[in-house]
There are 2 protein chains.
Amino acid sequence: MTRGIVLFAHGARDLRWAEPFEAVAARVRAAAPDCRVALAFLELMAPTFGEAAAALVAAGATRIDVVPLFLGTGGHLRQDLPPLVEALRAAHPGVDIRLHAAIGEHAAVVEAMAAAAVAAAGLGE
Amino acid sequence: MTRGIVLFAHGARDLRWAEPFEAVAARVRAAAPDCRVALAFLELMAPTFGEAAAALVAAGATRIDVVPLFLGTGGHLRQDLPPLVEALRAAHPGVDIRLHAAIGEHAAVVEAMAAAAVAAAGLGE
């Protein structure tokens, strides 16, 4: 089974917006070298979700995990992303597509953000 | 010196959006019990940055650290937040106000997001 992962972020006009997402993608690639890792954006940046996922399918991916690089679950993840995932499933019924929770809802990410805030402000012991 | 910290997030119509931010605030409070911790939002949720910061000043804070709970630095942090910080400085010239980088740009947070993505997708060793 060829695995693929789409890291789905918001996008912005400012190119520097993408830097943390590119850093996450690089680390995921390093941790899972046999998995094809694609970064995709909801708006303002390329590639789109559909473009990134189509490239993974074209490369032979038979399972694609979609991980939203969003801090919380608002309208973008509740309303914008599900139709994109459904369209991908409809176009590629043989591909196992799994949608995961917002990255910011993982306990370890919450913990890391809190620790980074404490350190940035020079608080704590 | 009484310390305060404003954790500044985007806000959304969906109340559940705030959950990870509230979790971060709770952990910062636990790590820095002598610091007053406020969560504030750019839009759609209360309190605003100005309201949260004013409450910290009213409570006696003489230094306020502002930590943006954003994954990257786009227009909101480059254009929307600096005037809010400047207005706060102008209103309270005796308060030491320090603006920090987006939480998503901290290496430990990038690392945690990558690890969470790998775990969510069932990748890695």
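1. **Basis.** This is a predicted model: local features need pLDDT of at least 70, side-chain atom pairs count only at pLDDT 80 or more, and totals for chains, interfaces and linings use all residues. Residues are numbered from 1 along each chain as its sequence is written, chains are lettered from A and ligands numbered from 1 in the order in which they are written, and side-chain values use heavy atoms, with hydrogens and water left out.

2. **Confidence.** Chain A averages a pLDDT of 96. In chain A, 99% of the residues score at least 70. Here pLDDT is the predictor's confidence in each residue, from 0 to 100. For the complex, the predictor gives an ipTM of 0.96 and a pTM of 0.95.

3. **Chain A in outline.** Chain A has four helices and four strands. They are DSSP runs numbered from the N terminus: helices are H or I with at least four residues, strands E with at least two. The order from the N terminus is β-α-β-α-β-α-β-α. Along the principal axes, the C-alpha atoms of chain A fill a box of roughly 55 × 30 × 25 Å.

4. **The sheet of chain A.** Four strands form an open sheet in the order β2-β1-β3-β4, with parallel pairing. Two strands pair if DSSP finds at least two bridges between them. β2 (36-41) and β4 (96-99) of chain A stand at the edges. Each has a single partner strand, so one side of each is left without a neighbour in the sheet. Neighbouring strands are turned by 20° against each other on average, direction ignored.

5. Six bridges join β1 (residues 3-9) of chain A to β2(A). The two strands run parallel. A:Gly4 has A:Arg36 as its bridge partner in β2(A). Helix α1 (residues 19-31) of chain A lies across β1 and β2 of chain A, at about 165° to β2(A). Axes are lines fitted to C-alpha atoms, for helices over the stretch in contact, and angles run from 0 to 180 degrees between N-to-C directions.

6. **Chain B.** The sheet of chain B is open, has four strands in the order β2-β1-β3-β4 and pairs in parallel. Its twist averages 20° from one strand to the next. In β2(B), B:Phe41 is the bridge partner of B:Ala9. Helix α3 (residues 75-91) of chain B packs on the sheet and touches β1, β3 (63-68) and β4 of chain B. Its direction makes about 175° with that of β4(B). Contact means heavy atoms within 4.5 Å.

7. **The α4 pair.** Helix α4 (residues 107-120) of chain A and helix α4 (residues 107-120) of chain B have axes that come within 9 Å and cross at roughly 180°. That makes α4(A) roughly antiparallel to α4(B); the cut-off is over 145 degrees. Residues making the contact include A:Ala112, A:Met113, B:Ala112 and B:Met113.

Key
Angles under 35 degrees count as roughly parallel, over 145 as roughly antiparallel, 65 to 115 as roughly perpendicular and the rest as oblique.
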